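Hello,

Here is the structure we discussed handing over. My notes on it follow below, grouped by region.

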Amino acid sequence: MVQLLVWMQRLSRGSVNRLSIKSKLILMLLLVSGFSTLFSAALGYRSGQINLTNRVFNQLTSVRASKAYQIESYFRNIQNHTQTLSEDLSIVAAVQQFDAAYQQLNTVPEPAAAGPSVETYYRRQFLPRLDRIHAGTPNLAAYLPVERATRHLQYNYIAANPNPVGKKQQLVAANDGSTYSQVHGRYHPIFRNIVARFGYYDMFLLNPKGQIVYTVFKETDYATNLFTGPYRDTNLAQLVRQVISAREKGFTQLVDFAAYAPSYGTPASFIAAPIYDGSRLVGVLAFQMPVDEINNVMTGNQDWQQDGLGQSGETILVGHDRLMRSASRFYLQNPRAYLAQLQSRGFKEESINRLRQYGTTILQQPVSTPAVTSAIAGGSGTRQVVDYRGVPVLSSYAPLQIQGFDWVILAQMDLAEAYAPIHAFQRQILITVTLLILLVTVLAMALAHLFVRPVQQLIDSARRVSSGELTSIPALNSGDEFGELGQSFNAVVHSLQTQTALVDQKNRENEKLLFSVFPAAIARRLQRGETQIAEDVTNVAVLFADLKGFSRLVSSLSAHESLAVLNDLVASFDDLAARFGLEKVKTIGDSYLAVCGLSVPYLDHDKRALDFAIEMLGILRRFNLERGFQLGIQIGIHSGDIVAGIVGKSRVVYDIWGETVKQAHALSQACPSGGVLVSEVVHHRLEDLYPFERTTTGGEPQPAREAWRLSGAAVASAGESLANP
């Protein structure tokens, strides 16, 4: 090292020319190897940091996708279960019997102790618990029941119930000799088992007037009226109004979490479905969603490490209001430390008190990170942000697809834990680089001494090269590097020629693939290097078809069988689309999106789209007959302007969007199975050619409310053109 410093000092004085070849070689070796080592170390550190970040992001994205699938499947199962139970004959009979028995109680004298006992319960049990959650003293008169039947039932099943609060459901039937108690004793054990086995918090039966005629858990909403009673402004009341006003069989609806007074202000979410006896609405079935089950899904039963989230990772749900819809890991693990951390960051004392009182971060903890903002806007991805605790984290985010909920899901891990391996790697690199520089110094001095001897021979070789004897170098019978260099050069040239040919072939194959995936005009623009491709397309017909029953069919088939079925059906639709001049944009699972007039304008694009829809019905009908399936299809058609372009970066797709696409999708969702629903625009153009029936669905957007359904005669004739071409 001393000699290196002496050489560098000479170099600084302009004495380079006086250095010997050996000294210059040593200096060059040290400089090159030193800078190379430092550069490699820096590059390795940077590469390691990027790779580690990507690995953590990939892991978080995988966990996020898994949790999203679990929570979406959980809510789909609850919706299916609620709809199935609402159609069960025992539920239909139960709500009618409970309603009749409830109405009967309004005509009989109530027990003498009913009024005072109920008031005492509210004063000593309910209101003090509610007061601990809500600041201020609640108004007793606002909660006390006024109807005779309500006081009768709340007296027998709540106030006089010998079981403590939280276990009132253990009473099977009151000893009041009423018809209601007979009905309650017959059905309550069954409904109590449903709630226990499926993990619901509570179950409700209501009549069409909003009267709760039965609950399992027996809170203070029991036997009250959600339209006129003290809980008329709750999210459950809002949900029941939506279900009743829908007037649709098989309709299920979820409502987001909100503070629910009968549950002492704790966050509550509900799902409900109408109950029909034939064509007559006889009631509503509702379930209070289990918060604990949602938390178990999101926390993996509080086993975060088993989910690959380490010591600081978590997955959380956030609503459109940027408040949590699942519990924070850090609150569950150590509530006291969590609240202390929020207090140290200047969190409002009022908000901290609410967290302490409710015992959960649901609807209490705001999460206003850029990741949440992007997910609420419909985006998904990964980024580094500062989370709700003020801690830098790596976050993977995406919106959830749950009907009725505008929720997003986050999977994140503290940056300190994620980068712990790279920090250890950094220390190791510094030690290694220091040792390498010392070793290189010694080796450079030794190699320079050995290398000086053949310098003259190298000079002679250089002179021959300068005289133009390059072709003779590979032919030399030399065992040193120069002989190998000539051979390697020829091998490199040959390899480059081979690689060039392969590159040309791959370019031709890629060009063919590009023109097969995208329209020719778009493919040529992509070849020119354009990345932002979008264009407005006017006067097209958009068809959106949604296959019904396929998910149920898939459950009885293997993956290969279900794929073969879907491929056969989509291939038939593709052939039919080519025949009518439509272009398939994409398939989304069992949904099919096609456009007429996108690349090639047509004056009769509306007619072509409708003819295509009619033939699709025929194809599906023949498909069902041949294979014994019971698949259905809902088709919506709208005409207007769209925007088309390339979407994505690493995996690009050609897609369309705009109000016309949105409205066509809304029409397909509003269309009954096996039918075709068109907008007012399409109906106006084709009403002289096809029979239509006006329909009003009550949905959004506007075309879904003012739509026209292709008449039954036209639908029934679907497939005749295939049978008699």
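Asn 207 is buried, with a relative accessible area of 3%. Please keep in mind that this is a predicted model. Asn 207 sits in the loop that links strand 1 (202–206) and strand 2 (212–215). A polar atom of the Asn 207 side chain is 2.9 Å from the backbone nitrogen of Gln 211. Leaving aside residues up to four places away in sequence, Asn 207 touches Asp 99, Gln 103, Val 213, Ile 244, Val 282 and Gly 283. Buried here means under 20% relative accessible area, so the 3% of Asn 207 qualifies.

Going through the pairs:

- Strand 1 and strand 2 run antiparallel and are joined by 3 bridges. Leu 205 has Tyr 214 in strand 2 as its bridge partner.
- Strand 3 and strand 4 run antiparallel and are joined by 6 bridges. Ala 259 stands opposite Pro 267 in strand 4. These two strands form a hairpin with 5 residues between them, and Tyr 264 in the turn has a positive phi of about 60°.
- Strand 4 and strand 5 run antiparallel and are joined by 8 bridges. Asp 277 stands opposite Arg 280 in strand 5. This hairpin has 2 residues between its strands, and Gly 278 in the turn has a positive phi of about 70°.

Strand 4 (residues 266–277) is mostly covered, with 10 of its 12 residues buried.

**Lys 249**

Is Lys 249 buried or exposed? Lys 249 is exposed, with a relative accessible area of 52%. Its place is in the loop between helix 8 (235–246) and strand 3. Not counting residues up to four places away in sequence, Lys 249 touches Tyr 276, Gly 278 and Ser 279. Gly 278 is the residue with positive phi in the turn between strand 4 and strand 5, and its backbone oxygen is reached by the side chain of Lys 249 at 2.4 Å. Lys 249 and Leu 281 are 32 residues apart in sequence, while their C-alpha atoms are 8.9 Å apart in space.

**Strand 6**

In strand 6 (residues 314–318), 5 of the 5 residues are buried, so the strand is largely enclosed by the rest of the structure. Both of its faces are covered: Glu 314, Ile 316 and Val 318 are buried on one side, and Thr 315 and Leu 317 are buried on the other. Strand 6 runs antiparallel to strand 9 (residues 408–414), and 5 bridges join the two. Among the residues involved, Glu 314 has Gln 412 in strand 9 as its bridge partner.

**The cavity**

How many cavities of 30 Å³ or more does a search of the whole structure find? The search finds 1. The largest cavity has a volume of about 80 Å³. Its lining consists of Ala 545, Leu 547, Leu 566, Leu 569, Val 570, Phe 573, Thr 587, Gly 589, Asp 590, Ser 591, Tyr 592 and Ile 633. Strand 10 (534–548), helix 20 (559–580) and strand 12 (591–596) are the elements that give two or more residues to this lining. Helix 20 provides the largest share, 4 residues.

**The chain as a whole**

The chain has 26 helices and 17 strands. Of its 725 residues, 46% are buried. Among contacts in the chain with a separation of 6 or more, 63% are between residues 24 or more positions apart.

Regards

Definitions and conventions. Residues are numbered from 1 along each chain as its sequence is written. Side-chain values use heavy atoms; hydrogens and water are left out. Buried means under 20% relative accessible area, exposed over 50%, partly exposed in between (1.4 Å probe, protein chains only). A polar contact is a pair of N or O atoms within 3.5 Å; within protein, one must be able to donate a hydrogen and the other to accept it, and residues adjacent in sequence count only if both atoms are side-chain atoms. Contact means heavy atoms within 4.5 Å. Two strands pair if DSSP finds at least two bridges between them. On a 1 Å grid over the protein atoms alone, a cavity is a set of points where a 1.4 Å probe fits but cannot get out, and a pocket is an open set with protein on both sides within 12 Å along at least five of seven lines; lining residues have an atom within 4 Å of a point. Grid points are joined across faces, edges and corners, and a volume is the space filled by probe spheres set on the points.
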